[in-house]
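Please keep the sequence and model at hand while reading.

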Amino acid sequence: MSSEELLTVQPQELEFPFELKKQISCSMQLKNNTNSHVAFKVKTTNPKKYCVRPNTGVVLPHATCDVTVTMQAQKEAPPDMQCKDKFLLQSAVASPGATTKDITPELFNKESGNQVDECKLKVSYVAPPQPPSPVREGSEEGSSPRASLLDNGTVNTTEVPRSYAESHVISSETKALISKLTDEKNSAIQQSNKLHQELELLRHQGSKSRGGFPIAYVIVIALLGFVLGYLVK
């Protein structure tokens, strides 16, 4: 913009991150380039859709003023996200020490011989900012082993959760104990079958004798009872 203009406006285009059913605001900054007090007034082609605060005011010499434009919540999006709304900023030299109360419509009337500058601003819709993706934090215990990222960017594959290592050791000891008990059980069953065969043989021999039980027969019965008691435990 030329240096002869009373006010410079930033930005030159009002951008609204459009979202349905939500009020959206953006701001613009007015800068007084003169040694005089400059009055301003903001107009729009769609006054029911926008709220401008302040819509009138006085900017002191070489000072700035922030203006906030709020778009009311919209129920539906425009076709192709294109907006035809426009704003007009009018500025005029005011008397020294002037305030907002001193601003009148005649001040912006060019036919009255006043110096009135006008700046047109377009409106555009942009995509709303995307929220950051949530980062899941791995639990310290009870999780499966996985690689971790060190501060220097390298991958640490040696870190293993403590609970996983302990459970792995316990599992190995349990398997060894089960295998040992299984072998002992099979051995006891074989001994029991052998004693049972010997018992049948002695019983057959005892039936041929005339009286009483042979001592060997009694010993075998005692051993069989001991083995059966062990298996029951």
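Glu19 has a relative accessible area of 30% and is therefore partly exposed. In this predicted model, the side chain of Glu19 meets that of Lys22 in a salt bridge, at 3.5 Å from N to O. The structure holds three salt bridges.

- Lys22 is partly exposed, with a relative accessible area of 41%.
- Side chains of opposite charge can pair when their charged atoms come close.

**Asp85 and Lys49**
- A salt bridge joins the side chains of Asp85 and Lys49, with an N to O distance of 3.0 Å.
- Asp85 sits in the loop between β7 (64–71) and β8 (86–93), and Lys49 in the loop between β4 (38–44) and β5 (50–53), so the pair ties together parts that are 36 residues apart in sequence.
- Asp85 is buried, at 11% relative accessible area.
- Lys49 has a relative accessibility of 13%, which is under 20%, so Lys49 also counts as buried.

**Glu118 and Lys110**
- Glu118 and Lys110 form a salt bridge in which the closest N and O atoms are 4.0 Å apart.
- Glu118 counts as partly exposed because its relative accessibility is 39%, a value between the limits of 20% and 50%.

**Positive surface patch**
- Lys84, Lys86, Lys120 and Lys122 gather on the surface in a patch of positive charge.
- Lys120 belongs to strand β9, which covers residues 116–126.
- With a relative accessibility of 68%, Lys120 counts as exposed, since the cut-off for that class is over 50%.

Notes. Residues numbered from 1 in each chain as written. Predicted model: local features only at pLDDT ≥ 70, side-chain atom pairs only at ≥ 80, totals over all residues. Heavy atoms only, no water. Patch = residues over 30% accessible without salt bridge, like charges linked within 9 Å, V, L, I, M, F, W, Y side chains within 5 Å. Areas by Shrake-Rupley, 256 points an atom, 1.4 Å probe, with all protein chains shown as cover. Lys, Arg positive; Asp, Glu negative; His and termini not counted. Charge placed at Lys NZ, Arg CZ, Asp CG, Glu CD. Helix = DSSP H or I, 4+ residues; strand = E, 2+ residues; numbered from the N terminus. Buried < 20%, exposed > 50% of the residue type's maximum accessible area, 1.4 Å probe, protein only.
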